[in-house]
Structures are given as C-alpha cells and as structure tokens.
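Q: I have a sequence and a fold on my screen. Can you walk me through reading the helices, sheets and core?

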Amino acid sequence: DLHLDENGSLTGNAISVYESYDAWQVRKFCTLQGEDAYRDFVQSDKARWKISELGLENLDDPEKPVIERISMTIPDASDTNGTFMYLNPVPGSRTESNEFYAVERQSVIDLTCPTTTKYSCSITIPDGWSVAELPQPVNIRLDGGGATFKYDIVSEGGVIKLDSEISFTTVAFVPERYETMRKFWSSIISKQAEVVILRKEI
C-alpha cells in the first residue's frame, strides 16, 4: 500500500514474494554475500527509493517462498504543476528497456524456466484530488502463444488499484519468433510507461 502526497512523493510498503528459481537466487546471494549486501544491492537497484527498512523471511526454509518486506519513500514519484499530477503506477518495478534490442537473432531464445511475474499496487491519492484519466486495461497474448501480459487498473474512492501479470509458459523460442518477442516486450514497456493523470479539485 502506498500513499501519495501533494508534493508528488509516495510513502508506504512493498512486499515481494520469490518462489522457485527466484527464491533460490535470493538465498544464494544471501548465503554467499550476506543479508547486508543484499540490502545494499536492492537499494542500488532501486536508486530512487529511500528505504528505511528491509526484511527477509523464510531464508532458511527452502520449502517456503522468500518474502521481502520494504518500507520506503519515493520522492518526486509524480510530476506536478499544482493543478495536475502525472503518476506512473508502477514505481520502480516497470520494465524500462527491451532486452531483445537486436534487429535479428540467429540462435534459440532460452528463458531457462517458465515464469510468472505478478504486480499489484494500491495507491491512495491526497484529499482534494481526483483521477482525471487512467491508462486503458490490456490483455496481450504473444503471437503464436507461450506468453501473456495483463494490465488492469481502476480507481475507487480515492484509491488507484493496479493488477498486472507477465507470464511465460514456453521457455524456448525459435529464431523465427524473435520479432514477435521484440514486439511483445515493446508493448509491455509502452504500457508500463503510461501515467495516471490527477486533477486538483477546485
């Protein structure tokens, strides 16, 4: 849950749940370098966040997911001119670059294992402000199958709620499907870059 103030800063908590291969990576990092080094890594990865607390649960229980809990502030998360605010509802977690940047590819694309990345966010807007415009929901399927991207956003009673999911059920893609993968990732980047427009009530 996050709270937006009139200056455009977000304050609240973020919870990440790592399962399977992702959980293994977190445990390996902490085992080799320690939890303090992991906290430093997260802070450097999320440079815009001012992290006040970071805790990890279930590191010693491989049968359970690793749960990461963060308390933070994101200064200037929204651009504001006093009348309007422009807020990206995916702060610090959006895909900003296309890893399939080459014009073409000759080798198989191997993603190692199936993955599902879910993102849910609830943002309470400040009193005296209203939602003027929301991004349009989408449900995109990779041409030829094997991956989907869902993005659903609503505004209810001064709270913006976003639910998004990127899922890969296929792990290997032949070179002939490379261009469709590029377009799929480009669609994700474009959608996650869209903003919510807030208007100050008179």
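Q: How does helix α2 lie relative to β2, β3 and β4?
A: This is a predicted model. In it, α2 lies across β2, β3 and β4. The helix runs at about 135° to β3.

Q: What does α3 touch on the sheet?
A: Helix α3 packs on the sheet and touches β10, β11 and β12. Its direction makes about 15° with that of β11.

Q: How do I read a sheet, and what is the strand order in the open sheet of eight strands?
A: Start with the general idea. Strands of a sheet pair through backbone hydrogen bonds, either parallel or antiparallel. Now the case here. The order is β3-β4-β2-β1-β8-β12-β11-β10, and the pairing is mixed.

Q: Which are the edge strands of this sheet?
A: They are β3 and β10 (138–141). Each pairs on one side only. Neighbouring strands of this sheet are turned by 15° against each other on average, direction ignored.

Q: How many bridges join β2 and β4?
A: Nine, in the antiparallel sense. For a landmark, find Ala14, which stands opposite Ile70 in β4. Strand β4 also pairs with β3: seven bridges join them, and the two run antiparallel. There, the partner of Ile51 is Met72 in β4.

Q: Is β4 mostly covered or mostly open?
A: Mostly covered. Seven of its nine residues are buried.

Q: What about β11 and β12: in which sense do they pair?
A: Antiparallel. Strand β11 (residues 147–156) meets β12 (residues 159–168) over ten bridges. Ala147 has Phe168 in β12 as its bridge partner.

Q: What is the strand order in the open sheet of four strands?
A: It reads β5-β6-β14-β9, with antiparallel pairing. The edge strands are β5 (78–80) and β9 (129–133), and each pairs on one side only. The twist averages 30° from one strand to the next.

Q: How do I check the length of a helix, and what is the span of α1?
A: Compare the expected span with the distance between the end C-alpha atoms. Helix α1 (residues 20–33) has 14 residues, so at 1.5 Å a residue it should span 20 Å. Its end C-alpha atoms are 20 Å apart, which agrees.

Q: Which residues of α1 are buried?
A: Ala23, Val26, Arg27 and Cys30. Seen down the axis, the buried residues of α1 fall within an arc of 95°, so they line one face of the helix. They pack against β2 (10–18), α2 (35–45), β3 (50–57) and β4 (66–74). The face turned away from the buried side carries the exposed residues Leu32 and Gln33.

Q: Which residues have a positive phi?
A: Gly34 is one of them. Just after α1, Gly34 takes a positive phi of about 95°. Others are not glycines. Ser20, in helix α1, has a phi near 50°. Ser20 is exposed, with a relative accessible area of 64%. Thr112 has a positive phi of about 75°. Thr112 sits in the loop between β7 (109–110) and β8 (115–124). At 58% relative accessibility, Thr112 counts as exposed, because the cut-off is over 50%.

Q: How many residues does the largest nonpolar core have?
A: It has 45 residues. Those with the most contacts inside it are Leu10, Ile123, Ile160, Phe168, Met181 and Leu198. Helix α3 (residues 178–192) gives the largest share of this core, five residues.

Q: What is Leu10 in contact with?
A: Leave aside its neighbours within four places in sequence. Then the contacts of Leu10 include Leu2, Leu4, Met72, Ile74, Ala77, Leu87, Pro91 and Ile123. His3 and Thr73 are also among them.

Definitions and conventions. Residues are numbered from 1 along each chain as its sequence is written. This is a predicted model: local features need pLDDT of at least 70, side-chain atom pairs count only at pLDDT 80 or more; totals for chains, interfaces and linings use all residues. Side-chain values use heavy atoms; hydrogens and water are left out. Two strands pair if DSSP finds at least two bridges between them. Axes are lines fitted to C-alpha atoms, for helices over the stretch in contact, and angles run from 0 to 180 degrees between N-to-C directions. The expected span of a helix is 1.5 Å times one less than its number of residues. Buried means under 20% relative accessible area, exposed over 50%, partly exposed in between (1.4 Å probe, protein chains only). The arc is that of the directions from the helix axis to the C-beta atoms. Contact means heavy atoms within 4.5 Å. A nonpolar core is a set of buried Ala, Val, Leu, Ile, Met, Phe, Trp, Tyr and Cys residues joined through side-chain atoms within 4.5 Å.
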